[in-house]
Amino acid sequence: MRECIVSILRQQWPRLLGLAAVIAASIAVSIAPPLVLQRAVDGLASGNIAPDALLLLGVLYFALCTVSGLIDTGRETLITVLGQKITHGVRSAMCRRLGRLPASYFVAQEPGQVTSLFVNDVDTLENLFDSGIVSMFADAFTIVSILAVVSHLSPGLGVLLLLCLPLLFLLTRYFQRRMLQAQLDNRRAIAKTNALIPETVANIRTIHLCQQEGYMHTRYLRAIRQSFAAMERSNFCDSIYSPIILTSGTAIICLMMALSVTSGTLQEFFGMTVGSVVALIAYVRRIFTPLEAIGMEIQSIQSAVAGIRRLQDFFALPLMPEVPKKRADEKAAASSKLPPLVIEDLAFGYGEEPDLFSHLSLTIREGEHVTLTGRTGIGKSTLFKLVLGFYAPRAGSIRIAGLAPAEIAERDRRRLIGCVWQEFCPVRGGIREQVTLGDPGISDEEVRQALALTGLLSLCQSLPQGLATPLKDAGFSQGQLQLLGIARAIVKHPRLLLLDEITASLDAATEKQVLAALKRAAQDRAVLSISHRLYETTGGRLLELRRP
Ligand code: ATP
Ligand code: MG
């Protein structure tokens, strides 16, 4: 992961340089206005300043404030753009790795875990960059610069601030931690209340029947009270923090003034002129903003650590070796020299498990139908996963039109293998997209032909928007969805068709319809299926899998 981020930062070096320059300019410009104020006030107090010069100082003061705002906008824009460049680069690198991870990685994940890694954890990386590291550096430099200017104007106040700042920083962190804890407690309490609602709705009859309304009421009340107490704590901290900080700032200035009037030496040490007092008051106020921000930035960095660790783990996962892709030999395929499926002496087992099958050999030629049988858990679906290249065999080989599954180029996949599963998996979009899966190389005519073969065409054409009708508006039955799945599998005329118990969830009448469609679709193709009925319908061969 480090190499990935370093290479992105290397590509972005002009923007990084620009950011460093803008941060330096922003600090310099934000420090200048109180100095202009000091000049103006000192000039007024001594009475020897020309009105034009005073006007000029006034204009300069407002101009500096405006430029400071503009530079800050530029700084935020650059930080955001750089942050997005980093997340885009990291996500792209992750996508490239995702395609080379073994199927066992995806099987081991909880649903949504990969999405959360791509969305939330990469976002924390962006937060770490823009609301964490960069802002923290900028704020730390702002504090140091203010301290330097204050020490130059009033060495005494510089010393006072140096003594007080660590204490004020600790105080700020204390309040921020308490507020964060209170907000987390509140979120937990809200989540508890939200979880109670579906539980209540699902069990509402049982609750009434057993007269447990009081019990549920107490549980709601407890969660709501917890949320209320947490909000109270958060609001309390919020309301007393600002007055404490303002009072501390004022107390420091009062102390400085009190000390400077006690003796001439101290007055010199504190550098008291009317103008410098005005400038110093402004600086003392300004130093608290970056101080408070650093506390929040430390918090963002801490919360990003867990996400970064998960990303590091992802980048450390071993990848499958890259197999050079080969184009399917069209001439050989056309002359049927290479059978659509040849399995030779195949052995496979998951992880450390013993072999599910070994010495398995099978050849299926064009127009041949083979049906796998065997008791549940014997490895029928596993054989499909091997043919599709999800897993690599332990021994032996699989050749689809002469190519190992891993050698098949993306654009050849659907021309070589079509697959229908027990459940239809819908994708976003209309009927057309369900069949093409977004492949722009498939024409509407080809979609219509595939639908005609499965017997769905007239139904699809009678829909209000035809092929563009969204699937959810088409109101397809389970059987019609399976027919759509067959159309999806055959639209590119694959040489090999894999069918995994596609009629298992259908009633007898619908099953008949699907099997008739399948018979039409399977002509002149090699078919490997898991279903007894298909064997009966198409009169193919049976292959029983047994434990070795
Ligand atoms: P069924 O008729 O019930 O669909 P099947 O013959 O298709 O069964 P498979 O799904 O191929 O059986 O599973 C074969 C064996 O491999 C089972 O014992 C199953 O628990 C195991 N198995 C399946 N998938 C995995 C996996 N990803 N990791 C580890 N073991 C697995
Ligand atoms: Mg199965």
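Author: For charges, Lys and Arg count as positive and Asp and Glu as negative, while His and the chain ends are not counted. The place of a charge is taken as NZ of Lys, CZ of Arg, CG of Asp or CD of Glu. Please keep in mind that this is a predicted model, in which local features need pLDDT of at least 70 and side-chain atom pairs count only at pLDDT 80 or more, whereas totals for chains, interfaces and linings use all residues. Residues are numbered from 1 along each chain as its sequence is written, and side-chain values use heavy atoms, with hydrogens and water left out.

Reader: How many positive and negative side chains are there, and how far apart are the centres of the two sets?

Author: The protein carries 55 positive and 47 negative side chains, and the centres of these two sets are 2 Å apart.

Reader: OK, and how many helices and strands does the protein have?

Author: There are 20 helices and eight strands, where helices (H or I, at least four residues) and strands (E, at least two) are DSSP runs numbered from the N terminus. With a radius of gyration of 36 Å, well over the 24 Å that the globule rule gives for 548 residues, the protein is more spread out than a compact globule. That radius is taken over C-alpha atoms, and the rule is 2.2 Å times the number of residues to the power 0.38.

Reader: Which domains does the assignment give?

Author: Domain 1 covers 2-315 and domain 2 covers 329-544, with bounds that come from an automatic or database domain assignment. Their C-alpha centres lie 56 Å apart.

Reader: Switching topic, where is R327 found, and what does it touch?

Author: R327 is in the loop between α10 (274-316) and α11 (330-334). Leaving out residues up to four places away in sequence, R327 touches L403, R411, D412 and R415, a contact being heavy atoms within 4.5 Å. The C-alpha atoms of R327 and A409 are separated by 6.4 Å, although the two residues are 82 apart along the chain.

Methods. Chains are lettered from A and ligands numbered from 1 in the order in which they are written.
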